[in-house]
Number of protein chains: 6
Amino acid sequence: MSKPKSVEYSDASPAVQAVFDDIKTSRSVPDVNNFWKYLANDPKTLKRTWESLKEVMEPGALDPLVKEMIYLAVSVTNDCSYCIASHSTAAAKAGMTPEQFGELMAVVGMANETNRLVNGYRVPIDSAYEI
Amino acid sequence: MSKPKSVEYSDASPAVQAVFDDIKTSRSVPDVNNFWKYLANDPKTLKRTWESLKEVMEPGALDPLVKEMIYLAVSVTNDCSYCIASHSTAAAKAGMTPEQFGELMAVVGMANETNRLVNGYRVPIDSAYEI
Amino acid sequence: MSKPKSVEYSDASPAVQAVFDDIKTSRSVPDVNNFWKYLANDPKTLKRTWESLKEVMEPGALDPLVKEMIYLAVSVTNDCSYCIASHSTAAAKAGMTPEQFGELMAVVGMANETNRLVNGYRVPIDSAYEI
Amino acid sequence: MSKPKSVEYSDASPAVQAVFDDIKTSRSVPDVNNFWKYLANDPKTLKRTWESLKEVMEPGALDPLVKEMIYLAVSVTNDCSYCIASHSTAAAKAGMTPEQFGELMAVVGMANETNRLVNGYRVPIDSAYEI
Amino acid sequence: MSKPKSVEYSDASPAVQAVFDDIKTSRSVPDVNNFWKYLANDPKTLKRTWESLKEVMEPGALDPLVKEMIYLAVSVTNDCSYCIASHSTAAAKAGMTPEQFGELMAVVGMANETNRLVNGYRVPIDSAYEI
Amino acid sequence: MSKPKSVEYSDASPAVQAVFDDIKTSRSVPDVNNFWKYLANDPKTLKRTWESLKEVMEPGALDPLVKEMIYLAVSVTNDCSYCIASHSTAAAKAGMTPEQFGELMAVVGMANETNRLVNGYRVPIDSAYEI
């Protein structure tokens with residue numbers, strides 16, 4: 001196995017093309033981004049991941065912008081460069097302003113800080129939180 | 001140094017009591033939660049953390065519920081039990097419904113999954129995301 | 001201290017050369033990879049790490065391919081680019097097929113997702129697992 | 001929203017009961033474990049997660065024991081107590097011996113160690129790994 | 001929102017320039033590094049972060065070199081490339097020798113290894129540590 | 001395989017007893033702590049880990065207290081409860097004062113915060129750090 005390579009539409013199987021087509025239609029984009037072209041090496045994972053993502057990210061009790069910001073918060077915490085780049089773009093498309101991005105980063109930073117203060121001080125859970 | 005212990009109001013220095021008082025007033029709660037009682041072992045960190053948190057979590061470009069959900073998303077990603085318990089409660093107080101919690105978890109789960117798919121497939125960043 | 005630099009064989013001390021020689025012989029490779037050339041800045045860590053790795057990765061109750069896939073699973077979870085690249089190559093040399101790589105990534109992705117669902121829902125451990 | 005609670009079969013909606021029934025049949029167990037009872041608070045996530053997991057964990061290019069060990073490797077790296085407990089049990093059911101568990105842990109430990117040595121020494125990726 | 005860009009001194013608001021000036025004076029450097037130039041997109045976070053960092057990193061019960069090495073240990077554990085680069089440089093300026101760096105990495109590596117051995121073996125906390 | 005259990009001295013093989021004896025002598029303690037009793041399930045890993053730890057933690061370019069604090073910083077970042085408990089105790093034995101612990105936690109917290117600010121703002125490495 002050499003380094004994973006992207007699968008372009010013209011080289012893809014009909015099953016992969018069908019997923020690519022659905023992504024392009026759902027998102028109104030001329031081409032899918034690299035994430036999907038690489039996942040296409042494993043058509044089963046491509047299909048399952050796209051269907052899961054579509055279901056998870058559709059508008060529901062949370063609006064799409066909030067979902068994108070949560071996605072970005074996780075990606076920043078995990079330091080996933082690609083995910084930070086793609087979900088920053090997606091959040092901006094969903095309406096995130098620079099001010100909202102700034103506050104998002106501030107919250108993510110503070111949460112990562114206080115998570116560790118809690119760990120180090122071995123803070124026991126208040127009984128009020130256990131109900 | 002033995003295991004960290006909580007500092008109760010009655011045993012606290014005036015500087016610590018002042019921070020506790022400000023927390024109680026700002027949040028309209030009769031007592032501060034364990035996090036602050038443990039941080040009180042280091043009054044400087046207590047004061048700085050409270051002031052930072054107050055500034056970061058105040059309403060701004062993002063509303064308080066969104067901020068609490070982002071805090072929770074990070075805490076779940078980091079598996080900080082105390083933080084998950086306290087920020088679940090805080091998010092619920094800020095209005096998070098069970099349906100919103102369910103969607104929040106679904107997004108956090110998917111983000112952690114796709115972050116790793118990206119890593120493993122070594123997906124290069126699309127040039128469109130670099131502008 | 002400037003940025004760490006690689007130590008090439010010709011510039012290495014006899015102690016480092018002895019480790020390099022052992023790596024080259026054990027792996028039947030003409031040169032050691034960058035990991036070892038950088039660790040060579042600290043000959044003690046170089047020697048200990050190589051000896052530990054050799055002991056841990058030798059065939060035993062688990063076959064070498066399984067061990068390489070586990071190594072890769074951890075590296076993907078931690079987002080260590082170098083480790084993902086080197087252990088993908090090592091796993092491929094040990095016989096990993098593209099289909100096996102695809103399934104490996106699928107499991108790693110799902111595990112990272114469900115790990116977070118468990119955290120967020122604060123799922124208590126079933127008593128059956130505690131025996 | 002109070003602390004998440006488990007949803008028992010008798011209190012579950014028909015949609016949730018259908019997933020529970022499928023889990024019990026697929027795994028030949030008399031009851032589902034806590035993970036599913038908590039996810040049942042969000043029937044959509046319950047269904048999607050179960051279907052994904054069933055697809056990902058079924059025998060394929062990798063045998064079920066290897067998949068369970070990879071799942072455990074990720075859970076140990078992420079320090080997810082529940083996941084470590086449940087997937088240790090699952091791996092044991094799939095045939096993992098104590099010796100295999102010991103080697104698995106040894107690999108997971110070494111991978112987490114060398115991942116950080118790589119980070120700290122800023123080791124550049126060998127060109128041979130980039131093909 | 002496009003990709004975050006640095007804010008140079010000449011384009012900065014007086015509030016940002018005041019922070020930049022304080023950084024340059026405190027550190028006796030002709031220009032601030034990229035971290036501050038990017039944070040300057042959110043003047044509130046820039047100011048709060050700089051003031052917190054200055055307070056946390058000033059000499060106290062721990063000397064500056066030890067603090068820088070702890071910062072580096074965390075950054076290596078989190079695999080933050082920028083942070084590893086900047087805090088390696090800062091630690092070197094504070095007097096870290098190559099031998100100290102080597103030992104620091106060895107400790108960080110071992111800690112990450114044994115952290116996972118503890119997780120996998122589900123080691124219960126000795127009662128002596130709970131006092 | 002049931003849940004891992006501790007191996008007590010009286011039930012241990014001579015090889016395990018030899019490691020236990022060396023730990024007790026080196027540390028002047030009447031009994032080894034739980035970590036070693038659990039690792040004893042895999043005598044090879046027990047021996048290798050103890051020998052590595054002894055080598056890594058011995059006085060060298062860094063003094064033992066600094067090493068223990070670095071160990072604790074990593075354990076707090078990883079949220080390893082056992083490791084936080086045992087290395088807090090070890091650091092205290094090596095002389096860590098409550099004030100030093102407080103500053104250590106403050107640095108660990110800030111590092112985890114700024115690591116994420118760097119990730120989110122995608123800060124490029126200053127050329128000065130690449131030399």
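**Reading the fold and the pairing of copies**

Modeller: In this predicted model, the elements of chain A, taken from the N terminus on, run α-α-α-α-α-α.

Colleague: How many helices and how many strands does chain A have, and why is chain A described as more spread out than a compact globule?

Modeller: The secondary structure of chain A comes to 6 helices and 0 strands. The radius of gyration of chain A is 19 Å, whereas the globule rule gives 14 Å for 131 residues, and because the value lies well over that figure, the chain is more spread out than a compact globule. Taken along the principal axes, the box filled by its C-alpha atoms is roughly 55 × 35 × 30 Å.

Colleague: How should I read the relation between chain C and chain D?

Modeller: Two copies of a chain are related by a rotation about an axis and a shift along it. Here, chain D is superposed on chain C by a rotation of 180 degrees with 0.0 Å of shift along its axis, at an RMSD of 0.0 Å. The two copies are therefore related as by a two-fold rotation axis. The same surface serves both copies, since 100% of the contact residues of chain D recur in chain C.

Conventions: Residues are numbered from 1 along each chain as its sequence is written. Chains are lettered from A and ligands numbered from 1 in the order in which they are written. This is a predicted model: local features need pLDDT of at least 70, side-chain atom pairs count only at pLDDT 80 or more; totals for chains, interfaces and linings use all residues. Side-chain values use heavy atoms; hydrogens and water are left out. Helices (H or I, at least four residues) and strands (E, at least two) are DSSP runs, numbered from the N terminus. The radius of gyration is taken over C-alpha atoms; the globule rule is 2.2 Å times the number of residues to the power 0.38. Copies are superposed by least squares on the C-alpha atoms of residues with pLDDT of at least 70 in both. Contact means heavy atoms within 4.5 Å.
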